[in-house]
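I opened my notebook to get to know a new structure.

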Amino acid sequence: MTILLIVAHPTPGSFNHAIFERAHSTLGALGHNVLRHDLYEQGFDPLLPGPEISRSSPLPSNIETHCQDLASADGIIIVHPNWWGMPPAILTGWVDRIVRPGVAYEFLEGDSGEGVPTGLLRAQTALVFNTSNTAKNREQTVFGDPLERIWKDCIFDLCGVHCFHRRMFETIITSTLEQRHAWLDEVESTVREYFPARHSSS
């Protein structure tokens, strides 16, 4: 399987990067092909230029590469912190520029864009790993867990990816080294569960 793996965190030594690296090594051990993107490291430009909105617009080569990686992926893993109930701006911009018509979704013939799109993504499964400094009960009772709605309902479901799992690790700022090791083990077990090892045919 080909798995698209994305991380969006500005600090290389962050726990988000530890999750990213554990997911990457696990996927490799399982025999999967990994399309790896560290958006900050790559200097991804999140600003969507007006002329790029049209489905028929020519795209810069790096944007075309991201689109091809998304379209060809059998599975998707995204890692990012919870910032104000949203992904970081660089990742929101990645969605704006890469999760685009003709790549991730399309509207039915005769639909001018006012209806519900049809998903185009090949991927069947998406995992999202988040970190937060907000306790789980406060996140759900006060804020309503907006990241779940964003990724599950507003993005992946509309793009045809219906097997979805998200895990929020909290509270990072007060977590112990032991907790973090346990969380990374959980990341590995989750990746193994949703993207089992490839078996060569005899």
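Predicted model: local features only at pLDDT ≥ 70, side-chain atom pairs only at ≥ 80, totals over all residues.

Residues are numbered from 1 along each chain as its sequence is written, and side-chain values use heavy atoms, with hydrogens and water left out.

**The sheet.** I looked up the strand order and found S2-S1-S3-S6-S7, an open sheet of five strands with parallel pairing. Strands S2 (33-38) and S7 (163-169) are the edges, each pairing on one side only. From one strand to the next, the twist averages 10 degrees. Strands here are DSSP E runs of at least two residues, helices are H or I runs of at least four, and both are numbered from the N terminus. Two strands pair if DSSP finds at least two bridges between them.

**One pair.** I checked S1 (residues 2-7) against S3 (residues 75-81): they pair in the parallel sense over five bridges. Ile-3 stands opposite Gly-75 in S3.

**A helix.** I saw helix H7 (residues 177-194) lying across S3, S6 and S7, at about 180 degrees to S7. Angles run from 0 to 180 degrees between N-to-C directions, with axes fitted to C-alpha atoms, for helices over the stretch in contact (heavy atoms within 4.5 Å).

**A loop residue.** I found Asp-145 in the loop between helix H5 (136-143) and helix H6 (146-156). Is Asp-145 buried or exposed? Asp-145 counts as buried because its relative accessibility is 14%; buried means under 20% relative accessible area, exposed over 50%, partly exposed in between (1.4 Å probe, protein chains only).
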